[in-house]
Amino acid sequence: MLFVLTHNDENINLIYFCCCRNDFENLFDIIITNALKPGFFSRTPTQRPFRSLENDEEQEALPTLDKPGWYSQGNSTHLCELLKKMTGKVEPKVVYFGDSMHSDIFSAHHYCNWETVLVLEELGGDGALVLAESRSEPLEKKGKYEGRQPKALHSISKQWGSFFVDTISGKKNEEEILVNTWSCKSVHTYSTITIPSIEAIADLPLDYQFARFSSNSSITTGFYPKPPKSLSGVE
């Protein structure tokens with residue numbers, strides 16, 4: 001089963017029509033808008049109830065989440081209860097994709113113990129992935145946003161430096177030492193794998209085995225398709 005969890009509320013139909021397709025809602029079992037992440041992952045007594053929608057307007061609060069559908073706000077506890085009901089499993093496995101460490105990855109990992117896939121644009125700008133236009137079919141046969149690759153980003157900011165590594169001064173007359181940034185350590189700690197974009201894994205077989213981050217593995221293990229160049233030789 002598939003669910004989407006988003007901050008967006010107003011004009012959600014227009015957003016997904018432009019980015020996906022006009023029948024996008026049929027792709028998902030559960031759609032949750034105005035989720036107010038990371039508050040969505042809060043526990044009692046601060047968790048918010050789900051609300052039903054009518055003509056895109058929020059209606060009464062729901063004591064529980066009983067069936068698939070389109071809802072607003074809500075909390076991860078009630079969502080997990082519905083997932084248990086729908087899958088018939090005591091502990092259904094959830095793989096959650098997100099592009100925010102604060103609102104998505106940390107919260108889903110820490111509070112729900114979900115498997116997390118961090119979509120990190122900086123990974124694509126570090127030389128880890130060479131973007132190339134797909135030649136599988138003519139461009140005119142592709143959708144509006146298919147076949148056009150985004151410009152590569154840079155993981156090294158002129159103001160803030162590298163996303164992945166930093167330097168600290170060595171002792172007198174010694175060279176500077178490369179160290180992992182807090183952001184890089186957070187990626188390793190809270191995400192299961194990290195990818196530069198959804199397109200990077202779209203053509204992989206469903207049974208593809210990803211190398212995953214773990215406390216016993218190298219800090220570069222869970223990056224796909226390969227680790228950023230700036231981490232070579234840095235642990």
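## Aromatic cluster

Phe3, Phe40, Phe41, Phe50, Tyr71, Tyr96 and Trp114 make up one aromatic cluster. Rings of Phe, Tyr and Trp (its six-membered ring) are paired if their centres lie within 6.5 Å; planes under 30 degrees apart are stacked, over 60 edge-to-face and the rest tilted. This rule gives a count of 15 aromatic pairs.

## Basis of the model

The model is predicted: local features need pLDDT of at least 70 and side-chain atom pairs pLDDT 80 or more, while totals for chains, interfaces and linings use all residues. Numbering runs from 1 along each chain as its sequence is written, and side-chain values use heavy atoms, leaving out hydrogens and water.

## Pairs at Phe210

The ring centres of Tyr208 and Phe210 are 4.8 Å apart with planes at 70°, so this pair is edge-to-face. Phe210 also pairs with Tyr224: the centres are 5.4 Å apart and the planes at 80°, so this pair is edge-to-face. Phe210 and Tyr224 each lie in the segment after strand S12 (193-195), and their pair ties together parts 14 residues apart in sequence.

Relative accessible area is classed as buried under 20%, exposed over 50% and partly exposed in between (1.4 Å probe, protein chains only). Tyr208, at 33%, is partly exposed, as is Phe210 at 29%. Tyr224 is buried at 15%.

## Chain overview

The chain has five helices and twelve strands, taken as DSSP runs (helices H or I, at least four residues; strands E, at least two). Of its 235 residues, 37% are buried.

Contacts are heavy atoms within 4.5 Å. Among those between residues at least 6 apart in sequence, 56% join residues at least 24 apart.
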